[in-house]
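Student: I have a model open and would like to go through it by question and answer. Can we begin with a pocket?

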Amino acid sequence: MSSFVGVVVSDQWLQSQFTQVELRSLKSKFVSVKNQNGKVTVEDLPPLMVKLKAFSALLTEDEIRQILGESYTDMSTEFDFETFLRVYLNMQGQATGKLGGSKNSSSFLKASTTTLLHTISESEKATYVTHINIYLADDPFLKQFLPLDPATNDIFNLAKDGVLLCKLINVAVPGTIDERAINTKRVLNPWERNENHTLCLNSAKAIGCTVVNIGTQDLVEGRPHLVLGLISQIIKIQLLADLNLKKTPQLVELVEDSNADVEELMGLAPEKVLLKWMNFHLNKAGYEKTVANFSSDVKDAKAYTYLLNVLAPEYCNPLTLDTKDPVERAKLVLDHAERMGCKRYLRPKDIVEGSTNLNLAFVAQIFHERNGLSTDSKKISFAERMTDDVQISREERCFRLWINSLGTESYVNNVFEDVRTGWILLEVLDKVAPGSVNWKHASKPPIKFPFRKVENCNQVVKIGKQLKFSVVNLGGNDIVQGNKKLIVAFLWQLMRFNMLQLLKSLRSRSRGKEITDADILNWANRKVKISGRTTQIESFKDKSLSTGLFFLELLSAVEPRVVNWNLVTKGESDEEKRLNATYIISVARKLGCSIFLLPEDIMEVNQKMILTLTASIMYWCLQHAADEGEAALSPSNGNGSTTYTSDASPAPSISGEDERSSLCGEISSMTMDDAASDITVSSYQCENEDTEIATV
């Protein structure tokens, strides 16, 4: 293991709110107070916090003391470091509230309705309500509640049971959630409501939403700025879903016919592709300016006039450009768009006021209705050849979603393009192995000089070696050059390392032992066995896993209420296997597992994805072990095997904490030859082939 020691916080959400630089600085100041007084109390915080950069210009020491006094009547209350971090975040909210803003607010957190420290845009709320009314009007369950009134808080009240948000996710990315897993009774109990919200948040992550600042309780309470923020992300994903070469190969017309240009296009964020498409047509129409954003550059509606005239000249109104009043011009633009089939979501004033989210949605609608691109079969064929590796594409999706779920500062749109500077990989390494990155020797994009990218990537490979990854034949330049197979192989080891570290963190007395793939396999077989079922698997490549029955039995073993066996098939045909696989993924997410695999990964027994699914279930189970009465796992019997005591044995009962220790603390690390599931960088093969294995 690496000798790097970062500041690790047990609460993952809390850790995600700070960079390692911030954590080290705050920890240092916290420890300095503790060293002086032997402990840190409420009374110690005002003189400490007023010196911090975040508060020094906004709050006085007396104001900080007054704010703390509202929550703590006893000023001698002692704090640990994590409590201090929570107080810091709360205080930061109070400080930014004085400025009328929020550190984490996005463009929709503005305008007219105030909710505590946050504000929401009534225009955007009305737009999203209209979107929901249109796309979910025929839903068998929701149609009894629709249409919603945009002038009321109906949208937030309906979101409180989680059904609306789950259904909206399926509109954005069809098939993400198996709707059989959604609790849709008229009145839900707290357990069922929490299941829906857990399913919603884990599924939102699985389609690319950033949800690090949102918890199930926020949704249960219907907090407007958070609910609206999540809805905004879901709708944006829906509207931008076709802005890639896989879905719309005609986009290749926007670039030259070279591999480099097409790869650059593939690496752009969907909204950047939309801007590129818009400027492509504006250039043809003779518009002299370049539109660089969806706010100030479109406020006068002139760009829209040119765009619609070139895409749908038959609906053109010649008075539009001659109109002097921007609001009137915007109205004519919306009339033009409506005649060509675009749904009227926004109002003229939303264009004139430069609402980024609403203008982006408007342009996306125009693209969907009429993109005006060539159907040149030669160009389309060229684009399709660039995106035809299904196996690599599926893994890229998994790693992209996993990285974005970590709460890194950078957002990944295309793994193979975005990692080539090395910066994003360094951010991920700093998340999964805190303190491992030497930021003084790292260059942040945009990077002008190629050797700086190589330096970043060389540090990535160096840290990989220190974390005992297999990096044979991998150099920093391979990442810079975008070698897909080597990048995927490195990312798999990184993801697996993070997964095993999370499992290791749950042990109370680890004695330096590592969790291994074999331990995860043994745990899963044992959980199923002691639940009274007989299904067992030999490895994560066991073909019997394709039916899905083992995972359903495992999920039922860790939480009997979560699986409805009336919905389970025998898994005999491909269709039955797909139904089970889809249900497994939604049930696991409903339970609380953060997973990014697809039903095909279960049906085809993708070894790597099967391991991540099993480990995620194990992680959830160990987190809740204190509430379960499981059998004890005894140490090795001396000949290398592990023995278990069943529930019926006379072995003494153990607490959840002791169980975690028994389960994880006595198992030996595997050697390179014993490892069961990792993949060597030097001999990466696709998932449909046998995979050569190496240990982490």
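Student: How do the residues of the lining of the second largest pocket divide into nonpolar, polar and charged?

Tutor: Keep in mind that this is a predicted model. The second largest pocket has a volume of about 410 Å³, and 15 residues line it. By class, its lining divides into eight nonpolar, two polar and five charged residues.

Student: Which residues lie nearest the centre of the second largest pocket?

Tutor: Helices α22 (415–418), α23 (423–432) and α24 (450–466) each supply at least two residues of the lining. Pro446 belongs to the loop between α23 and α24. Nearest the centre of the pocket lie Asp418, Thr421, Ile424, Pro445 and Pro446.

Student: Is the peptide bond from Pro445 to Pro446 cis or trans?

Tutor: Pro445 and Pro446 are among the residues nearest the centre of the second largest pocket. Omega of the bond that joins them is near 0 degrees, and the bond is cis.

Student: How many of the residues of helix α9 (residues 163–172) are buried?

Tutor: The cover over the buried residues of α9 includes α7 (122–135), α8 (154–158), α10 (190–206), α11 (216–220) and α12. Among the buried residues are Leu164, Leu165, Lys167 and Asn170. The count of buried residues in α9 is nine of ten.

Student: Which element gives the largest share of the lining of the largest cavity?

Tutor: The structure holds three cavities of 30 Å³ or more, and the largest has a volume of about 70 Å³. Tyr128, Ser232, Ile235, Lys236, Leu239, Asn357, Leu360 and Ala361 line the largest cavity, and the elements giving two or more of these residues are α12 and α19 (356–369). The largest share, four residues, comes from α12.

Student: Does Glu256 count as buried or exposed?

Tutor: Glu256 sits in the loop between α12 (224–239) and α13 (259–266). Leaving aside residues up to four places away in sequence, Glu256 touches Asp261 and Val262. Its relative accessibility is 58%, and the cut-off for exposed is over 50%. Glu256 therefore counts as exposed.

Student: Why are α27 and α28 described as roughly perpendicular to each other?

Tutor: The axes of α27 (residues 517–530) and α28 (residues 549–558) come within 8 Å. Trp523, Ala524, Asn525, Lys527 and Val528 in α27 meet Phe550, Glu553, Leu554, Ala557 and Val558 in α28. The residues of this contact divide into seven nonpolar, one polar and two charged. Angles of 65 to 115 degrees count as roughly perpendicular, so the description follows from a crossing angle of roughly 70 degrees.

Student: Is Val605 buried or exposed?

Tutor: Val605 is found in the loop between α30 (599–603) and α31 (607–623). Its phi is positive, about 50 degrees, although Val605 is not a glycine. With a relative accessible area of 7%, against a cut-off of under 20%, Val605 is buried.

Student: What is phi of Lys468 near?

Tutor: Lys468 lies in the loop between α24 and α25 (476–480). Lys468 is a residue other than glycine with a positive phi, near 70 degrees.

Definitions and conventions: Residues numbered from 1 in each chain as written. Predicted model: local features only at pLDDT ≥ 70, side-chain atom pairs only at ≥ 80, totals over all residues. Heavy atoms only, no water. Axes fitted to C-alpha atoms, helices over the stretch in contact; angles between N-to-C directions. Parallel < 35°, antiparallel > 145°, perpendicular 65-115°, else oblique. Contact = heavy atoms within 4.5 Å. Nonpolar A, V, L, I, M, F, W, Y, C, P; charged D, E, K, R; others polar. 1 Å grid on protein atoms, 1.4 Å probe; cavity = no way out; pocket = protein on both sides within 12 Å on 5 of 7 lines; lining within 4 Å. Points joined across faces, edges and corners; volume = space filled by probe spheres on them. Buried < 20%, exposed > 50% of the residue type's maximum accessible area, 1.4 Å probe, protein only.
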